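Visitor: I have a protein model to look at, and I would like to learn how to read it. Could you take me through a few features?

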Amino acid sequence: MQQVTPAPVTKLIDEFSRLPGIGPKTASRLTFYLLRHSADRALTLAQALKELHEKVLFCSTCFNIAESDPCPVCSDEYRDRSVICVVEEPLDVLAIERTREYHGLYHVLHGKISPVEGIGPEELKIAELVERVNTSEVEVREIIVATNPNLEGEATAMYISRQFAGGQLKLTRLARGLPVGGDLEYADEITLSRALSGRSEM
Ligand SMILES: [Zn+2]
């Protein structure tokens, strides 16, 4: 039987479908969108995809994504080198940078401990963090563990704190409470227990 859909169309739909969160329907829609628009539009996308791996690398110190190694944060002499904020993903660095409240360094784990997905501590950049702290030229005084406030994030934070147990190093966790406008009864137990233990005087 003759193939009705041209092979390049099928191929692109196939490639889009492999991306997280994109089903066959969305993959078709994206493909036909690009087909209907100018070739320039498609080529700009292709160029961006090409440059993604050509020009982006991981900083060998903090493992954030960057165009240079060390990254701009690690090579910034005005940053406080005695504080390291540990996050799960590069996007978390962006979120914290946007607050303009933090002037220390970062360490990107590239994931979280998740037994369900078969991700153990050795899959993350935790050993690299320990090594980094132990060999740092400037003494690291504090590690802010800014993993996400869910079960995996908490498990990861616990694991990290155990790696530094008994040392001089101060380990802190982001303060968290109940969301503004949220109902106490709908809060999950982790949020609620943290809100309780982190309570402050009125
Ligand atoms: Zn870096």
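Visitor: Which residues does proline 121 touch?

Guide: Contact means heavy atoms within 4.5 Å. Leaving aside residues up to four places away in sequence, proline 121 touches Ile113, Ile126 and Tyr159. Proline 121 sits in the loop between β4 and α5; helices (H or I, at least four residues) and strands (E, at least two) are DSSP runs, numbered from the N terminus. This is a predicted model, where local features need pLDDT of at least 70 and side-chain atom pairs count only at pLDDT 80 or more, while totals for chains, interfaces and linings use all residues. Residues are numbered from 1 along each chain as its sequence is written, and side-chain values use heavy atoms, with hydrogens and water left out.

Visitor: How far apart are proline 121 and isoleucine 160 in sequence and in space?

Guide: They are 39 residues apart in sequence and 9.0 Å apart in space, C-alpha to C-alpha.

Visitor: Which residues of α6 are buried?

Guide: Buried means under 20% relative accessible area, exposed over 50%, and partly exposed in between (1.4 Å probe, protein chains only). In α6 the buried residues are Gly153, Glu154, Thr156, Ala157 and Ile160. They lie on the same side of α6 because they cover an arc of only 160° around the axis, an arc taken from the directions from the helix axis to the C-beta atoms. On the other side, Leu151 and Arg162 are exposed. The buried residues of α6 pack against β3, α5, β5, β6 (170-173) and α7 (189-197).

Visitor: What is in the largest nonpolar core?

Guide: A nonpolar core is a set of buried Ala, Val, Leu, Ile, Met, Phe, Trp, Tyr and Cys residues joined through side-chain atoms within 4.5 Å. The largest one here has 33 residues, and Cys85, Val133, Ile143, Ile160 and Phe164 have the most contacts inside it. β3 gives the most to this core, with five residues.

Visitor: Which residues hold the zinc ion as donors?

Guide: Donors are N, O and S atoms within 2.8 Å of the metal (3.2 Å for Na, K and Ca); water is not among the atoms, so sites may look incomplete. The protein donors here are the SG atoms of Cys59, Cys62, Cys71 and Cys74, lying 2.3 Å from the zinc ion.

Visitor: Why is the arrangement tetrahedral?

Guide: Four donors count as tetrahedral if all angles lie between 85 and 135 degrees. Around this zinc ion the angles are 105 to 116°, so the arrangement is tetrahedral.

Definitions and conventions: Four donors count as tetrahedral if all angles lie between 85 and 135 degrees; four count as square planar and six as octahedral if opposite donors are over 155 degrees apart and all others between 65 and 115; anything else is irregular.
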